[in-house]
Amino acid sequence: MEPAEGGPVADESRAEGGRAGGGKAGADPGPTGAKAQPAGTTTEKAAAPTTVATDRAGTPTAVAADQGTTIAVAADQGTTIAVAADQAGTTIDPAAKPRTWKDRLRRSRAEKDEAGKSRGDGPAGGEAEQQEPAAEADPWTSFAPAPEPVPGRPVRAAHATGRFLVHEWTLAVLGSLTLAVGMTWPTLRYPLYTLPQDYWDPSLQAWQMAWSGHALRTDPGQLFQSNTFFPEPWSFAFSDMLLGYAPVGLLGTGPDAAVLRYNIMFVLAHAMATFGAYVLARQLGAGRIGSAVAGVSYTYAPWLLAQAGHLHIVSNGGIPLALAMLARGHGWSLRHGYRPERRRVGWAYAGWAVAAWQLSLGFGIGLVFAYVLAVILLVSAVVWFWRRRQGRRPFGRRLFVADLVGGLLFAAVGALLAVPYFKVAELHPNAERTIGDIGVYSPPASGFFTAPGESWIWGGLHEGARAALPWHPEMTLLPGFVLYALAAGGLFLSVWRLRHRLFMLAGVLVTMVLAMGTRFFDGTFTYAPLFDHLPGFNGLRTPGRMMLWTTLLLGLLAAGAVSAFAQRVRELSTERVPSRPSPWLRVATLLPLLLVVVEGLNTTPHPVVPEQPAAMRTVDGPLLVLPSSQNQDQPVMLWSTSRFQQVVNGGSGFTPKQLDDVRRVTAAFPDQTSVDYLRTLGVRNVVVLRDQIVGTPWEVTVDAPVEQLGITRQQVGNAVVFRL
């Protein structure tokens with residue numbers, strides 16, 4: 001066959017086409033030099049010679065090319081046939097078996113159309129109704145791969161669930177929860193009967209969650225007018241309110257529910273702190289193991305074991321979580337810098353919402369967090385305007401609006417929560433702190449290397465060092481020797497840039513100095529100016545809680561070091577044959593995390609909560625429970641959660657003058673003076689607990705005659721009720 005003129009096959013094809021087509025004038029079906037084509041027929045020419053085969057009607061059905069040229073041929077009635085040839089010029093049958101469900105569906109519809117036309121559905125007597133059957137399938141297609149099955153909804157749902165369960169954030173949440181249960185054990189062993197650390201401050205905070213839920217359910221307008229410290233107003237603001245936990249206070253009633261609620265939130269607070277610090281480190285650019293080190297060290301630092309009885313201090317996970325969300329929303333990380341394509345406005349809104357929620361838990365740590373955010377906003381605003389002057393836009397209008405709205409929301413929450421505290425400060429001048437009060441709780445430098453007694457490793461070894469501290473519960477500030485070592489290594493080997501490491505080191509030193517309060521050169525140029533000029537700082541009693549920021553910065557330095565080490569291990573593993581890390585290298589990358597976990601183990605006691613007296617479930621208020629003191633009144637607050645009757649008792653960060661007078665006057669109760677005084681206050685009943693008056697004057701006077709006082713006495717369980 002000659003390429004230029006066409007061989008016998010081509011001539012035969014032309015002749016056959018002429019006979020079948022009825023010898024139409026001007027029709028030349030040859031591959032070259034065609035002057036006219038049948039209507040609706042389109043041929044893509046190739047430089048290489050081609051061979052065209054036609055059916056009896058003259059319609060081209062198959063085309064072969066020598067050099068693998070693909071030629072598309074359209075039949076007269078609009079049917080398109082795609083023909084591909086291999087390098088040898090072999091024609092691939094267009095009727096081959098389809099390989100996907102879409103092809104099968106398309107083929108099925110085409111066959112139905114053909115069947116309809118063959119039954120006479122088309123125009124009568126037209127040429128289109130005479131169609132040749134499709135070419136037989138190539139037998140070699142039987143050996144082709146089977147078409148992929150289309151999964152149904154249950155299968156797709158199962159696959160989506162599986163992907164969700166193995167996602168990094170899901171595993172991080174589950175890991176944080178599991179670690180929290182183990183590290184706080186036996187908190188959930190007897191959650192209805194025990195409280196961590198002691199039953200004084202935890203009883204107060206269990207009451208706080210219960211009261212906020214009760215107020216929301218009954219009369220939200222009386223939220224700050226609690227049932228304790230009768231008849232004092234604004235009594236709910238006598239200490240940090242844990243208002244962010246108010247929704248869980250809607251669940252259950254009574255002391256048992258309050259204790260259970262507290263224990264659950266205690267464990268969840270640890271889990272949230274671990275997850276928040278992990279997410280922050282990951283957002284900033286640390287690896288998984290390095291971020292886990294940051295999360296565990298932030299939550300289970302030895303110094304925090306002394307704060308186990310302070311839920312408002314342990315509930316600090318919103319701080320790193322909000323910072324991580326804000327950084328993610330702005331497309332910024334410490335390792336990669338600013339990446340505009342990663343901006344997410346929704347994450348910015350979420351970050352501000354979490355920050356506002358964290359502030360609602362209390363100003364004990366929330367106030368410093370607010371000032372840190374203010375500094376970050378100030379620096380960001382300066383950078384934004386500076387770059388704008390240079391003709392660059394750091395981020396768009398939507399993100400700017402998100403920061404504006406979120407910042408206003410945060411400020412509004414802070415202002416609303418500050419109102420009752422200003423009222424309390426106005427009504428109770430003795431509640432105001434002085435710089436001398438701060439000195440009582442200011443730790444020396446040795447406190448940074450001293451662990452509390454609850455530390456499983458260092459508690460017994462540091463007993464002598466704790467004895468030298470004036471108030472060791474707030475002065476044992478060891479964040480962990482392992483954390484110190486990892487952070488020091490992070491100054492030299494890290495995934496962070498050098499300037500970022502130096503900024504973190506400066507932050508560590510500054511927060512340590514502030515944590516010392518007046519112990520660092522009397523605080524003249526450090527803590528004292530903040531105390532005198534920053535609003536709210538004079539309400540903070542314990543400067544040592546600034547160690548929260550020291551621990552977070554040390555954890556980020558450690559995360560940079562561990563991430564760099566893990567990255568080096570991966571590089572070494574690629575040089576091995578086979579290219580996978582050895583078991584010893586795997587253990588080496590996990591060793592820092594294991595050491596941080598071990599140093600965070602504790603021996604925190606879990607005492608049994610005193611049982612609620614039966615009288616607290618039946619006696620109406622206003623009432624007074626004797627004996628009364630700071631520690632003894634906190635369980636009374638918990639007992640009042642059955643009925644929330646008004647009680648004179650109460651425990652907080654300060655003692656109101658009136659409550660101090662009640663305790664002094666009722667030391668000889670029942671006598672005429674104390675009875676008259678209580679009647680003046682509006683007290684109707686007095687409950688004396690027999691099991692707590694041993695060795696006190698009430699042990700004798702509780703059974704003295706009371707007829708001449710005009711009151712009655714009744715034994716209710718283990719308590720004596722005097723009705724005034």
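A crossing of two helices is left-handed if the near helix is turned anticlockwise from the far one by less than a right angle. That convention is needed at two stops of this tour, which goes through a predicted model.

**Whole chain**

Start with everything displayed. The secondary structure of the protein chain comes to 23 helices and ten strands. The chain has 724 residues, of which 46% count as buried. Among contacts with a separation of 6 or more, 73% are between residues 24 or more positions apart.

**Stop 1: helices 5 and 20**

Select residues 201–218, helix 5, together with residues 630–639, helix 20. Their axes come within 8 Å and cross at roughly 30 degrees. Angles under 35 degrees count as roughly parallel, and helix 5 and helix 20 are therefore roughly parallel to each other. The crossing of this pair is left-handed. Show side chains for the contact: helix 5 supplies D201, S203, L204, A206 and W207, and helix 20 supplies Q634, P635, M637 and L638. By class, the residues of this contact are six nonpolar, two polar and one charged.

**Stop 2**

Is the peptide bond from W185 to P186 cis or trans? The bond is cis, with omega near 10 degrees.

Next select F644, in the loop between helix 20 and helix 21 (657–665). F644 is not a glycine, yet its phi is positive, about 55 degrees. The relative accessible area of F644 is 14%, so this residue is buried.

**Stop 3**

Move to F521, which lies in the loop between helix 16 (498–515) and helix 17 (527–533). F521 has a positive phi of about 50 degrees, although it is not a glycine. Is F521 buried or exposed? With a relative accessible area of 66%, F521 is exposed; F644, by contrast, is buried.

**Stop 4**

Select P622, in the loop between helix 19 (583–599) and strand 7 (623–626). The peptide bond leading from G621 to P622 is cis, with omega near 0 degrees.

**Stop 5: helices 6 and 9**

Select helix 6, residues 254–284, and helix 9, residues 318–329. The two pack at an angle of about 30 degrees, with their axes 7 Å apart. That angle makes helix 6 roughly parallel to helix 9. Their crossing is left-handed. On the helix 6 side, the contact residues are M272, F275, G276, A277, V279, L280 and Q283; on the helix 9 side they are G318, P320, L321, L323, A324, A327 and R328. Sorted by class, the contact comprises ten nonpolar residues, three polar and one charged.

**Stop 6: helix 10**

Colour by accessibility to pick out the buried positions of helix 10: V345, A348, G351, W352, V354, A355, A356, Q358, L359 and S360. Which helices cover the buried residues of helix 10? The cover includes helix 9, helix 11 (363–389) and helix 12 (397–427). Past the end of helix 10 comes G362, with a positive phi near 150 degrees.

**Stop 7: helix 18**

Select residues 547–574, helix 18. How far does helix 18 reach from its first C-alpha to its last? The distance is 41 Å over 28 residues, close to the 40 Å expected at 1.5 Å a residue. Helix 18 is mostly covered, with 20 of its 28 residues buried.

**Stop 8: L681**

Finish at L681, in helix 22 (residues 672–681). L681 counts as buried because its relative accessibility is 16%, and buried means under 20%. Leaving aside residues up to four places away in sequence, L681 touches F230, Q658 and V662. To check one of these pairs, draw the line between the C-alpha atoms of L681 and Q658: they are separated by 9.9 Å, and the two residues are 23 apart along the chain.

How values were computed. Residues are numbered from 1 along each chain as its sequence is written. This is a predicted model: local features need pLDDT of at least 70, side-chain atom pairs count only at pLDDT 80 or more; totals for chains, interfaces and linings use all residues. Side-chain values use heavy atoms; hydrogens and water are left out. Helices (H or I, at least four residues) and strands (E, at least two) are DSSP runs, numbered from the N terminus. The expected span of a helix is 1.5 Å times one less than its number of residues. Buried means under 20% relative accessible area, exposed over 50%, partly exposed in between (1.4 Å probe, protein chains only). Axes are lines fitted to C-alpha atoms, for helices over the stretch in contact, and angles run from 0 to 180 degrees between N-to-C directions. Angles under 35 degrees count as roughly parallel, over 145 as roughly antiparallel, 65 to 115 as roughly perpendicular and the rest as oblique. Contact means heavy atoms within 4.5 Å. Ala, Val, Leu, Ile, Met, Phe, Trp, Tyr, Cys and Pro count as nonpolar, Asp, Glu, Lys and Arg as charged, and the others, Gly among them, as polar.
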